[in-house]
Number of protein chains: 2
Amino acid sequence: MANQLRGACIIGQSGGPTAVINASAYGVIRTALDADCITEVYGAANGIKGVLDGKLYDMSQEDAEELRRLLNTPSSELGSCRYKIAAPEDDDTDYKRIQAVFEKYNVRYFFYNGGNDSMDTCSKISRYFAKSGYECRVMGVPKTIDNDLFGTDHCPGFGSAAKYIITSCMEVYKDARVYDTGMITVIEIMGRHAGWLAGSAAVAGHFGCGPDLVYLPERDFDMEQFLADVSHIYEKNGKVIVAVSEGIHDKDGRFISEYASDTASQKDAFGHTQLGGLAATLAAIVQEKTGAKVRGIELSLLQRCGAHLASQTDIDEAFTAGKVAVEQAVAGESGQMVGFRRAEGAAYKCEYVLLPLNSVANAEKKVPLAWINKKGDGVTQEFIDYVLPLIQGEPERDLECSLPRFARLKKVLAN
Amino acid sequence: MANQLRGACIIGQSGGPTAVINASAYGVIRTALDADCITEVYGAANGIKGVLDGKLYDMSQEDAEELRRLLNTPSSELGSCRYKIAAPEDDDTDYKRIQAVFEKYNVRYFFYNGGNDSMDTCSKISRYFAKSGYECRVMGVPKTIDNDLFGTDHCPGFGSAAKYIITSCMEVYKDARVYDTGMITVIEIMGRHAGWLAGSAAVAGHFGCGPDLVYLPERDFDMEQFLADVSHIYEKNGKVIVAVSEGIHDKDGRFISEYASDTASQKDAFGHTQLGGLAATLAAIVQEKTGAKVRGIELSLLQRCGAHLASQTDIDEAFTAGKVAVEQAVAGESGQMVGFRRAEGAAYKCEYVLLPLNSVANAEKKVPLAWINKKGDGVTQEFIDYVLPLIQGEPERDLECSLPRFARLKKVLAN
């Protein structure tokens, strides 16, 4: 190959965990271990922080079977971080350190597995190397349950989280209507700015066991209208199930989760407001209004780490995203994120595409308003048709005493 | 058969749902439909309330395949109730009504599927018929995720809920230690008076992914000691996972979940009013003490309706409990609950026994204190060995688009 680059690679994981982010890591690690021009395969402990600290695991020391079990091991096995890196133009301290570590280990391939913020980090590193002249191919491997990465049909992690949410909504539906007395249930679903996950709850309704009302953050939440609708359904049916995105807000942009609070909310390292407690807040408001028995359920971390209910389609695509990233980098690509394009036609088929990192970084893909119903309390058939193929397939997981047998890595530090 | 009794039967379900209560109902319905001396099989809508209202479903109208799907359909498909029936000696109004309905439909077999309160109802009806002289065989079919029925080794429903809890704890363990920053997670588990479910969380630790501290309601909860232990583990490891029964209480018998209603602690460190349950309350207290990032997770209804993660052993035993109830009633038994006796020996084996209803009703089986560790923050190996056989086996469920295909009953009302 004319353009062959020989050297070590680093794979790092960043941002919130998903059920399949380790499948992507495995896609990178397995393919890199098998690639002739990649001399060493390192896993960065806690993403870019592990690179900065020179804390790298030697993946060649791992047992092949344990590595394979990454396919069904939730959360980021290498560890994650939410480290916000400065723009190289403003402060190049971190970049100099990164390049020094890369030079020390002769790292020529860098794969970063994460969401918006991670693609931003990845893009900046790629830009810095382009300027500094250090030869290193940088590739982004997407993951996010939020499904909000720009330019790709969907993101690994979303399908499995959606499947967990839909299945749980169907089971809660069965549970919540067991008594002949009234009951209102409010289910809180992740997704700060994009309603892909909350909207997925509506898929449960497509199979006869879904929420009556579904609210996405793409539309302003009208408390008056909401309470009127809940009361109406409650009077008619005695049972109401509501699914809400954690990020629903009123027309002034105020999060509904903040209605219970007088003070400013905590913010994380990226300045994102820390949300939570919406189900309880809404449940209290609904209870006061209706006098009904109301239960708030927060799907919490469970929805993003529920590997036992993962979508095999999601696992396969997550793995392939990692694999393609390595193959394309070896073939000479750099500064790209692996994305997905859904092929036309009735049967679901996905093609892999490369998207320039700078086109992806920090952009957010929201649910098209045309896929939300007019009243703003449900989704259209297009949305259902979009989600269904992504949740297909039951994984064959290794079990131990009928419990998950997760990968057990040795995590031997590189010298 | 000398003692053959010919007539219709009624199956009713009562109390909180489980993942496998419908497997028991199916055990009753299938066996009753196939029994020569049982002329009609009726399902009572919402338990004893359906009997009182004369609202009975004709189970012979149902499709056999849909009935079979009850094996994997969570919650009580016939509907449940929490109706507390008076003692027949104090007020026999309800009993006269029940007998009138039974006479109208020539009901000679009554099967009641539930927990403590349901066995009490069952026991009272049996007692009333014995006095009134109406010939009817009354049998209890146990279910409760709480596992607190007296006289039986365990209860159908427990194994599946335990499996859901253990698996979820293992997944949350993976998720909660993904960052290199500190994190404390508090997981709230059902079981107000008995700690079987909370204790099961410790099984996750047996497989390397469990909570650091586990609290059961059988022991008084000491807040000072708890906060000292959490702080100690947090300082040492940076990560702490705590599993608590919803029913933990202090030495004065006050529920810890009620601590939030103190005027002094109505708001957490951020001024948020605490609306959630115990997990949110404890999380706020721990946060104030440690300054750490703390997340409260309530497994809520999910743990009792998670049929997708049911134990096949539990499903099989639930079915057999219903089947045995019918077979034994046909053979002449009455006034009994089907219970389980664990056979001696290394391999798990369960035998079915009959327990007089009046010995079961209203008694509570708690976790033996000897199975809780000395410090009261974990369980012993005996507890683990008790739980493990009950969670074994993965059910083959019918799926539709990779989502649960629950039973769809017609519920045709009997004339």
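**Exercise 1. Determine how the axes of helix 4 and helix 5 of chain B cross, and which residues meet.**

Step 1. In this predicted model, helix 4 of chain B covers residues 93–105 and helix 5 of chain B covers residues 116–132. Helices are DSSP runs (H or I, at least four residues) and strands likewise (E, at least two), numbered from the N terminus.

Step 2. The two axes come within 11 Å and cross at roughly 75°. Axes are lines fitted to C-alpha atoms, for helices over the stretch in contact, with angles from 0 to 180 degrees between N-to-C directions.

Step 3. Helix 4 of chain B is therefore roughly perpendicular to helix 5 of chain B; angles of 65 to 115 degrees receive that label, under 35 roughly parallel, over 145 roughly antiparallel, and the rest oblique.

Step 4. From helix 4 of chain B, B:Tyr95, B:Lys96, B:Ile98, B:Gln99 and B:Phe102 meet B:Lys124, B:Ile125, B:Tyr128, B:Phe129 and B:Ser132 of helix 5 of chain B. Contact means heavy atoms within 4.5 Å.

Step 5. By class, this contact of helix 4 with helix 5 of chain B has 6 nonpolar, 2 polar and 2 charged residues. Ala, Val, Leu, Ile, Met, Phe, Trp, Tyr, Cys and Pro count as nonpolar, Asp, Glu, Lys and Arg as charged, and the others, Gly among them, as polar.

**Exercise 2. Describe the contact between chain A and chain B.**

Step 1. Chain A contributes 68 residues and chain B 67 residues.

Step 2. Together the chains bury about 5,500 Å², 58% of it on carbon and sulfur atoms. Buried area is the accessible area (1.4 Å probe) that two parts lose on being put together, summed over both.

Step 3. There are 6 salt bridges between chain A and chain B, a salt bridge being a side-chain nitrogen of Lys or Arg within 4 Å of a carboxyl oxygen of Asp or Glu. A:Asp180 forms a salt bridge with B:Lys49, with the closest N and O atoms 3.2 Å apart.

Step 4. On the side of chain A that touches chain B, helix 6 of chain A supplies the largest share, 10 residues. That side divides into 32 nonpolar, 21 polar and 15 charged residues.

**Exercise 3. Locate the partners of the salt bridge between A:Glu77 and A:Lys411.**

Step 1. The closest N and O atoms of A:Glu77 and A:Lys411 are 3.8 Å apart.

Step 2. A:Glu77 lies in the loop between helix 3 (64–68) and helix 4 of chain A, and A:Lys411 in the segment after strand 13, so the pair ties together parts 334 residues apart in sequence.

**Conventions.** Residues are numbered from 1 along each chain as its sequence is written, and chains are lettered from A and ligands numbered from 1 in written order. Local features need pLDDT of at least 70 and side-chain atom pairs pLDDT 80 or more, whereas totals for chains, interfaces and linings use all residues; side-chain values use heavy atoms, leaving out hydrogens and water.
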